[in-house]
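Colleague: I'm new to this one. Can you put it on screen and walk me through it?

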Amino acid sequence: MFLLILGCATTGALRVDPDVLPVLPSPRADQYTRVPSASRDPLVASVSDGLPWDEALSGVAGAVALAELEGETVDACRLRWMAILAGYPYPLLARASVSVPEGEVPATLVAEARKQAGARVDVGLVRARGRDTDRWVLVVGEHTAELPAIPREVARGEVVTLGAGDWSVSDPFGQLRPVAGSFVADAQGEWMLSARDGARTIATFPVYVDEEARALPPFACTAASGDPLAQATGIVRAVRAGYGFTDLTRDPALDSVARARLRALLAGGPVPDARAQLRAAGFIGVPVAAAACSGATVEACLSQIWWSPEGRGALVGDLADVGIAVESSGGDVHMVVLGAG
């Protein structure tokens, strides 16, 4: 996803009376789904005519606009969380923001919206009123498959219907659950769902059982400075504390296995089965979890694990010990996280 801040861009000929206030879609929804429609804001509706304008994605754009008008910085992690709260589960491709005089149209941003439009693209476009300007925000999303509407918050014991497809679902302890078109939400907390088409991820989103979605994402995208291993250890500790889990103890044996797995991953050779490696290291008859990631920063790397149904047990599992290996290579951070109970 790229971010394009247009600043005070050149405006076009279209305009409305400045006294005609913007109309923003809701930044919160109770289910994940696309909502193709037309904006209730007359100016946005006029410039988005013919575009695949989506109300859920425009709710994301509205949340961005309001935050920016308050002087807040919306990084990629927060943007993705705004999409979760607005009910848009699909990948985000692009975002742009611009301020123009009240009632005017930012021609550059509208041109960018039309440039981005395509068969599998959704467009979120809004304007919000500041003190003496209108803040326009564009957010572009991509849907490669049509998912059924799925509630974000459900009651314990409820059956969550997913429909056909290749789904991965993990419970609040990071354990994968069998999925055959649906699953039973039988544990309180945060579940993670991901739909795929081969190697392509169609959508990834959490479902909350007997609790509300958190207001802010668990990770910030801002990169911290210092030793990457110390950063990773601190972030893992903070994430677990946020879920009410006890702190993990760094285990030398787990550290050793994590380093061996990371070397194998970076070498591009075969990587042994994690459970077999952990059994060989003496972790027998206890819960175990393993995850690996690569990202521009430690935060970005661990965020990948958190969003992964297959790997997040290493962060949120009911475990006792942890092993972490980190290496910077080619401008990216590469990491292996292992846990055992």
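Colleague: Leaving aside neighbours within four places in sequence, which residues is Leu193 in contact with?

Modeller: Leu162, Trp167, Ser168, Val169, Phe183, Ala203, Thr204, Phe205, Val207 and Pro309. Contact means heavy atoms within 4.5 Å. A word on the source: this is a predicted model, where local features need pLDDT of at least 70, side-chain atom pairs count only at pLDDT 80 or more, and totals for chains, interfaces and linings use all residues. Residues are numbered from 1 along each chain as its sequence is written, and side-chain values use heavy atoms, with hydrogens and water left out.

Colleague: Which residues have the most contacts inside the largest nonpolar core?

Modeller: Leu193, Phe205, Leu302 and Met335, in a core of 70 residues. Helix α2 (residues 55-69) gives the largest share of this core, 8 residues. A second, separate core has 19 residues, including Val47, Trp53, Ala96 and Leu109.

Colleague: What counts as a nonpolar core?

Modeller: A set of buried Ala, Val, Leu, Ile, Met, Phe, Trp, Tyr and Cys residues joined through side-chain atoms within 4.5 Å. Buried means under 20% relative accessible area, exposed means over 50%, and partly exposed is in between (1.4 Å probe, protein chains only). Helices (H or I, at least four residues) and strands (E, at least two) are DSSP runs, numbered from the N terminus.

Colleague: Back to Leu193. Which residue stands opposite Leu193 in the sheet?

Modeller: Val169 stands opposite Leu193, which belongs to β14. Strands β11 (residues 166-170) and β14 (residues 189-197) pair in the antiparallel sense, over 5 bridges. Two strands pair if DSSP finds at least two bridges between them.

Colleague: What is the strand order in that open sheet of 5 strands?

Modeller: The order is β9-β15-β14-β11-β12, with mixed pairing. β9 (153-154) and β12 (176-177) stand at the edges with a single partner strand each, so one side of each has no neighbour in the sheet. Helix α3 (residues 76-86) packs on the sheet and touches β14 and β15 (200-209). The direction of α3 makes about 65° with that of β15. Axes are lines fitted to C-alpha atoms, for helices over the stretch in contact, and angles run from 0 to 180 degrees between N-to-C directions.

Colleague: New topic. At what angle do α5 and α8 pack?

Modeller: About 40°, with the axes of α5 (residues 228-242) and α8 (residues 298-307) 10 Å apart. That makes α5 oblique to α8. For the term: under 35 degrees is roughly parallel, over 145 roughly antiparallel, 65 to 115 roughly perpendicular, and the rest oblique.

Colleague: Which residues meet there?

Modeller: Pro228, Gln231, Ala232, Ile235, Val236 and Val239 in α5 meet Val298, Glu299, Leu302 and Trp306 in α8.

Colleague: How many residues of α8 are buried?

Modeller: 8 of its 10. Among them are Cys301, Ile305 and Trp307.

Colleague: And Trp306, buried or exposed?

Modeller: Trp306 is buried, with a relative accessible area of 0%. Leaving aside neighbours within four places in sequence, the contacts of Trp306 include Trp81, Met192, Pro218 and Tyr243. Trp306 and Pro218 are 88 residues apart along the chain, and their C-alpha atoms are separated by 8.7 Å.

Colleague: What about the open sheet of 4 strands, what's its order?

Modeller: β16-β18-β19-β17, with mixed pairing. β16 (249-250) and β17 (288-295) stand at the edges. β16 and β18 (residues 321-329) pair in the parallel sense over 2 bridges. Arg250 has Val322 as its bridge partner in β18. α5 packs on this sheet, touching β16, β18 and β19 (332-340). Helix α6 (residues 252-267) packs on the sheet as well, and its direction makes about 35° with that of β18.

Colleague: Which strands pair with β7?

Modeller: β4 (residues 92-101) pairs antiparallel with β7 over 9 bridges. β6 (residues 121-129) also runs antiparallel to β7, joined by 9 bridges. β6 and β7 form a hairpin with 3 residues between them. β7 (residues 133-142) is mostly covered, with 8 of its 10 residues buried.

Colleague: Last one. What is the phi of Asp210?

Modeller: Positive, about 55°, although Asp210 is not a glycine. Most residues other than glycine have a negative phi. Asp210 sits in the loop between β15 and α5, and is partly exposed at 40% relative accessible area.
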